[in-house]
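Visitor: I am new to this structure. Please give me a quick sense of the whole, then take one part and look at it closely.

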Amino acid sequence: MATYQEFIQQNEDRDGVRFSWNLWPSSRLEATRLVVPVSCLFTPLKERPDLPPVQYEPVLCSRANCKAVLNPLCQVDYRAKIWACNFCFQRNPFPPSYAGISDVNQPAELMPQFSTIEYIVQRGPPNPLIFLYVVDTCLEEEDLQALKESLQMSLSLLPPNALVGLITFGRMVQVHELSCEGIAKSYVFRGTKELSSKQIQEMLGLTNPSASGPQGRPAAPQDPAVTCRFLQPVHKVDMNLTDLLGELQRDPWPVPQGKRPLRSTGIALSIAVGLLEGTFPNTGARVMMFMGGPPTQGPGMVVGDELKTPIRSWHDITKDNARHLKKATKYYDALANRAAVNGHSIDIYACALDQTGLLEMKCLSNLTGGHIAMGDSFNTSLFKQTFQRVFSKDHNGEFRMAFGGTLEVSTSRELKVSGAIGPCVSLNAKGPCISENEVGVGGTTQWKICSLSPSTTLVLYFEVVNQHNAPIPQGGRGAVQFVTQYQHSNTQRRIRVTTVARNWADAQSQIQHIESSFDQEASAVIMARLGVFRAESEEGPDVLRWLDRQLIRLFMFHLRRSPFLQVFNNSPDECSYYRHHFVCQNLTQSLIMIQPILYSYSFHGPPEPVLLDSGSILPDRILLMDTFFQLVIYHGETIAQWRKAGYQEQPEYENFKHLLVAPVDDAQEILQTRFPMPRYIDTEHGGSQARFLLSKVNPSQTHNNLYSWGQETGAPILTDDVSLQVFMDHLKKLAVSSAT
Amino acid sequence: MVSASCLSGYSTYASFPSKAVPANPVSDLPSSLDLGNCFLLAPPTYMGPPPVSTNQAYSQYAQGDIQNGPPPMDHSMAQPPVCQPYSHGAMNLSGPHPSYPQQYGVQPSMQQMTNQMSGMQVGSGPLTSAGPGYAPSLQSVLPTPLQPLPPIHKLLTQCLVPPPSLPLPVSLQPPNLTMMALLPLNNNLSPPPPPPPSQPFPSSSPYSGPPPSSQPRAPAVSRQQSFPPGPPPPVQQTFPNSAPPPVSQALYSGPPPSSQPGPFPPTFASPAQYPAAQPPSQPGPPHFHSGPPPQCPMPPPSMSQQQANPLPPGPMQQPPQPGMHGGYPTQQNGAFGQPRGPQPGYAGPQYPGQQNYGAVPAPTPAPTQKRLDPDSIPSPQASELPAVQKFRHRIDPDAIPSPIQVIEDDRANKSSEPFTTGVKGQTPPLVTTNFQVKDQGNASPRFVRCTAYNIPCTADMAKQSQVPLAAVIKPLAMLPPDETRPYMVDHGEAGPIRCNRCKAYMCPYMQFIEGGRRFQCGFCSCVTDVPPHYFQHLDHTGKRVDCCDRPELSLGSYEFVATVDYCKNNKLPQPPSFIFFIDVSYNAVKSGMVNIVCQELKTLLDYLPRENPEADSVVRVGFVTYNKVLHFYNVKSSLAQPQMMVVSDVSDMFLPLLDGFLVNVNDSRMVIESLLDQIPEMFADTRETETVFGPVIQAGLEALKAADCAGKLFLFHSSLPIAEAPGKLKNREDKKLVGTDKEKSLFQPQSGFYSNLSKECVAQGCCVDLFLFPNQYVDVATLGVVPVSTGGSVYKYTYFQAEMDRERFLNDLRRDVQKPMGFDAVMRVRTSTGIRATDFFGSFFMSNTTDVELAGLDCDKTVTVEFRHDDKLSEDTGALMQCAVLYTSCSGQRRLRVHNMAVNCCSQLADLYRNCETDTIINFFSKYAYRSLLNTPTKTVRDTLVNQCAQILACYRKNCASPSSAGQLILPECMKLLPVYLNCVLKSDVLQPGADVSVDDRAYLRQLLSCMDVSESHVFFYPRLLPLVKLDGGSLPMAVRNSEERLSKGGVYLLETGLYLFLWVGANAQQELLSNIFGTPTFSQIDPNMTSLPELDNPFSQRLREIIDSFRSQRSRYMKLMVVKQEDKAELIFKHFLCEDKSASGGASYVDFLCHMHKEIRQLLS
């Protein structure tokens, strides 16, 4: 048997699942004592190039409240052509098409290596993908131009049969009609008036198909693609749309001195949501919103248009001084829920130097699986490449995105589902395996994940419900089945079924085994998610205290300092941004986020990872730090001086040149694949941008202990945060005392 | 002068009164009774006999050109003398004379009687005394033709008596002209030499029987009378001698002189003046000679003949009269002349006439009865009553005051000389007269017309007379090319110089004192320092040396350049914008309207108003189409294609774009043309039938607000706005309400929404013009609220069909777009202490009691202002008014246009009555009445109108007319047409709708009238009917009166109503005529649907089309031409405009109404 390390890796590669514990304590009591719950990170659409989908429908358990899918763990009676559900033990006959089944002629889903299998199902007409651009026009000319180019470029990346739509907003909101020849038409809405979905549809002429559209064109009922002039296949309208985007003007309404431009973001979104709701409910769609500043009017406004009133800060929020916060949050929450219910996801691409209201709007993406990208300007590669990467394709030439997913979880009797944390909303599906103990989004066995990418990862929390006095027989296994239905980017409907099982272990007798089955990385991420989830919904200090209690046991020093939990030095928007990504990225990325990686380059040897500690900051080193959101190349003092002196240009110092290039090359490699594009920072000792590095490292040297500290080189960090050393000291003390 | 005297005769007019007269005659003395009878009788009579008589008369006239105008004059001339002689005796005579035409016939006699009576009385008593007075009066009068009237009865009487006085002759001539008008009536009436004429004319049909005799007699009689009378007394002498002597004539009125002039012709200008009228009149004379019978048939030869006539009559006395009658009869105009005649003759003739009627027409024919007019019916002979009654029935339409005659006389008298405005209290020529104006300190009548040019000094007087004091002001009126538009005055940075207290602007009435250092305000008498930069020395007369160089010191109308202080928000205004809103719902598209508008706009946009013809217009334009949602268009020049922006949220309208909505035409030409090409295509297949309306205006308002400018919205709208939106309307058309107390609700807007909206529009300077293309009820009363309150116009094209109505619509649109106008205007009328502007009528909004706010004010819009006394006025200073309009020109310049008007003040009612303008009074009355409809039951409104007019006339009768029988209807010369016009007002569709008149039509007309000027209201109420004969030469054929009787089956007539042109084709029209006009000789081949005449290469066709074009160019709206064939269905519509006839909807005929008025007056007097 391989090590747990290998087992874990293998399981992850095959099923996209990582459990905190790979042996499960067999009773509720024992499970509770383990602190870290039985839980897993699940990546529903983990890329499996080696997994060809099968072209038939899955076989379901016939019990009404089970409906589990036939899987390799099921007992099969090939003679009787009967299989037993391993969750409810219902015995089911095979369907007629399985008549030829035998132990040598097994369908794929019964083979152990197909614990994860993907079915392609034919249900109804294929639904096109839908991309609805919602574009802010209150931008600087340069920004707008860059954005327009990006958008035009994106048209060539869309699948030709995808439907595309365009909404622009500023003081007004314009819904552009794309099907027209000649005159470009758009429907205009006032940016301050909240409209119901029905009103929006009426005003867009999407209702009463029997009568006549506003233009009197005979509307063909039932065919939304024809009725809806606002969403048209890319191949039909790309010329039009390119022109339209080309003629897009900055919002023409004058902005008086001392005012912000009026941005009707809230209404624009509600119209986008309403439009899709009315025309393509339950069809995968992506609303892509590009905004260059905070919403300043109408429902959902985040800040008034007076420049003298700054946008809310953490300070304002804690003092309850953020006037618009609650209202706006509530507004966007409602919108997000509506979108989620219909399977539409919302991306936010916010590019501005100041905050743009992500804090209030985060739900839009969090609940619908949309992306959030944050940058300083649309005219940066950060935005351009991030946006481009949304449309990246996999090795099959298919988009790395899926829509309208639902995840259903079935468990064996001893296990119940407490909840999930990730870019999902509950579908409120009641079933036998729902735990009363809710963690994250619970109370259901099904979740909606409006948009999925191969890296989208949910954390699922389970509860062992087996009572201590009802021991599980030796060798018993608990199983969990994940059924993910989604719309593939090629418009196919697919179902991916992952069935995993773990052995039960008696904590009293097998505590060693259980310990060894602990997955530290997964657990760190799982707990961090829980922390983040609570941070979102509870008061900051409370969460920190809670986390401290948990962390002490988990040694998560860096998480404590991360922007996911700590708001200091981060704006509310940044926090929202970071948290958003944290709750949907996979394990590896999540770990990077929790504990940035620091590489050191020097003449002394090959690049090596070093401690994320101020002590690693040395004059003759080049450091490369990857925090997921930032890539920082830091040149030590000496290196920086050399570089300034231009030695790298001189042939005799070619090695220096190589040294300089090495981290850059490595960074490029990371940049290639990372989504969203990290902020790429090239700085040096004393550079203003060095703060990105300094804020991350362990402050082993600070202004407080600077003078007492020896000759060892390094950079003192100006912070009051405790250093790892102090943290550890406390931890040890507590660890001992807590035993009492 | 004479005329003036005649005027007094008018009293005769009064008598004319078709009804009254007739009735009177019968009743004679018992006038009151008679009247009563008349009325009672009248109806029947009219029905039957009377008409005939009239017809006959007409026919004759028609054939002969006939306007009696001239002849009457002569006759009258003659008559005067007669009168005198008869005067006393006349009374008796009158009895017999009853000669008055049938209707009048009787009446005439009565009238004549009265006239005579009056004359006689005067003559007897006052005569002598009067005599002296006369001369002067006459002379004075004479100078100004117009004035002659004043003397009125008195004069007449005087004239009659004293006529002998030397001065007369001279005066006579001029007076003649004026007099003419009066006399004719008498003539007409009297003319009918009893039997003979009737026979010849009998054809006239209905009247044939009885009437003929009467009519012929009447005319004859009257004339005869007149003549006869003349001769006997000194008057006669005068006649023989020459026109001048006709002093008597003078008395009677111009006519006599003219006739005499015949002999005089050379000497007097009279010929010229009369030319038009005279011819006909002359014919009359000849008749005289010949005798009654011949006269009738024969058209009068000429002046000379007339002269001849007069002379003969003189000696002849009675005999001549008959002849005279004959002549006159033909000429209805004679009325004028007759009147004069009447007075004199009346007394005598009437009686005779009556007698005749009663007994035998033949004998007395002479007496005739021009008396009609006169209070003919002295009625002394109660015994004759029965006869009278008959007469009443037979009232001769020719004997009652004829608008045509009045118009022609005025034209003849006043079109030759420029009208100078320097003289205070002077009545300008009628609106129907072509004249040139020279501004010498008062505003041109093209800008301001007053109901009265002599204002009573006290409120009591004004109240007693009931004559409304009002000014009809058209501040931005266009002037003919030969008159200079108001000069621009710039007083520099400090702005126009104004009185410190009342803020009146510098004008000719400011009196400079203290060597020019200060000036005293003519309005409030406050003394204000002259700013140093404006100082100028005074000359020896106390006038500033630079008086003549400065328009504001020497002219009645001029403009100031306004400073920033006169601008909204103290910011110089932006140039205005025009926004076009095109309804693209199903109906609008289907009717072809959308296509037409879009096509037209492409070229029309090059003709946006501009001040410098060389430069491009600075007016910006914007486009919106709509059905139940609005489509705005971005036509920014940088775009390759226009962009449409749909606003569906009509409940809360807003402007979806700023940049690119309002653009300069030249910059965005390509984009605009592309847009206009595509609009019809885009909506060609529309099925949307619902429209909104309120949001459309709101959108325009928002656009102008956003652009911070004033402007005009052009709405092309097709249907009742029933789509869910603010200002949504429901169909509430309910004809059952007509005639009930709730009728007023049909004129009221459905909701207050549009009133509120219009307030906002006015505040922004947003003027709304509405073009309606309804196929059914659209609720004009409500839709029109905003246009009416913002100085806009409503155009309505019911059942619009592209082929039929295209031309009319396009011409209206072109004119509407191009016409000069001002924006964001405020008008204020200041008056001298003693009177005050109290009420305003027109298309505007008022937020307080003094400022008339007009979002837009174009060159056709008129504001009528009513004045009331709040103190006494002084005869010495007269009364001043200054109308100042602050507006933004189409180039964005802020200006002040100032019109000044000074009128006299009088302490004698006679002066008031002598200087009134009936057309203006009618304009005022109609506006007043039409507005009252909003709050008052229609019946009450009508009664009020009748009552006020009756009071006006009664007051005159009581205070200004010479004592006479109550049975006589006496009208002031200036107001002799008041009854006929008033009747037209009462019969208008608004006040008395026919069954086929929709609620919308009425609302539309009601709104339309509110800003009409006098010339438009005149033709609106009394359409112009031209017989199309002999169109050669530059002049127009003389119009005929609006009565079916005047139409000849063999003729073709052109009728102009101000809104439509009708070409009526008689069933027996000559083939040649038809060929010339239509290119086909066959009546049946004429296409009744044609809207324009074929362009044929013959002089007649060319001339006819020229006439039509010139008519159209005179009106602010294009008149659609409709061809009406006799006996065709469409003839009903045409007949509707023959306003002297009884209308299908129950409106009284002129004759009936006159009788009614007479009765009312008598009731007031009793």
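Guide: Among contacts in chain B between residues at least 6 apart in sequence, 81% join residues at least 24 apart. This comes from a predicted model. Chain B has 46 helices and 28 strands. Of its 1166 residues, 69% count as buried.

Helix α32 (residues 694–707) of chain B meets helix α33 (residues 753–764) of chain B, with axes that come within 10 Å and cross at roughly 20°. The pair α32(B) and α33(B) is therefore roughly parallel. Their crossing is left-handed. From α32(B), the contact includes Ile697(B), Leu701(B) and Leu704(B). From α33(B), it includes Phe753(B), Tyr754(B) and Leu757(B). By class, the contact of α32(B) with α33(B) has seven nonpolar, three polar and two charged residues.

Now for the close look, in chain A. Take strand β22 (residues 493–505) of chain A: 11 of its 13 residues are buried, so to speak mostly covered. Strand β21 (residues 477–487) of chain A runs antiparallel to β22(A), joined by 11 bridges. Within that pairing, Arg477(A) has Asn503(A) as its bridge partner. β21(A) and β22(A) form a hairpin with five residues between the strands. There, Thr491(A) takes a positive phi near 75°.

β22(A) has other partners. Strand β7 (residues 116–121) of chain A pairs with β22(A) in the antiparallel sense, over six bridges. Val121(A) stands opposite Arg493(A) there. Strand β2 (residues 23–25) of chain A runs parallel to β22(A), with three bridges. Pro25(A) faces Ala505(A) across that pairing, standing opposite it. Such pairing works through backbone hydrogen bonds, either parallel or antiparallel.

Chain A also holds an open sheet. Four strands make it, in the order β1-β3-β20-β17 (chain A), with antiparallel pairing. Its edge strands are β1 (17–19) and β17 (415–421) of chain A, each pairing on one side only. From one strand to the next, the twist averages 25°. β1(A) and strand β3 (residues 39–42) of chain A share three bridges, antiparallel. Phe19(A) stands opposite Cys40(A) in β3(A).

Two helices pack on this sheet. Helix α1 (residues 4–15) of chain A touches β1 and β3 of chain A, and its direction makes about 145° with that of β1(A). Helix α13 (residues 520–537) of chain A touches β1, β3, β17 and β20 (458–464) of chain A. The direction of α13(A) makes about 95° with that of β20(A).

Terms used: Residues are numbered from 1 along each chain as its sequence is written. Chains are lettered from A and ligands numbered from 1 in the order in which they are written. This is a predicted model: local features need pLDDT of at least 70, side-chain atom pairs count only at pLDDT 80 or more; totals for chains, interfaces and linings use all residues. Side-chain values use heavy atoms; hydrogens and water are left out. Two strands pair if DSSP finds at least two bridges between them. Axes are lines fitted to C-alpha atoms, for helices over the stretch in contact, and angles run from 0 to 180 degrees between N-to-C directions. Contact means heavy atoms within 4.5 Å. Angles under 35 degrees count as roughly parallel, over 145 as roughly antiparallel, 65 to 115 as roughly perpendicular and the rest as oblique. A crossing is left-handed if the near helix is turned anticlockwise from the far one by less than a right angle, and right-handed if clockwise. Ala, Val, Leu, Ile, Met, Phe, Trp, Tyr, Cys and Pro count as nonpolar, Asp, Glu, Lys and Arg as charged, and the others, Gly among them, as polar. Buried means under 20% relative accessible area, exposed over 50%, partly exposed in between (1.4 Å probe, protein chains only).
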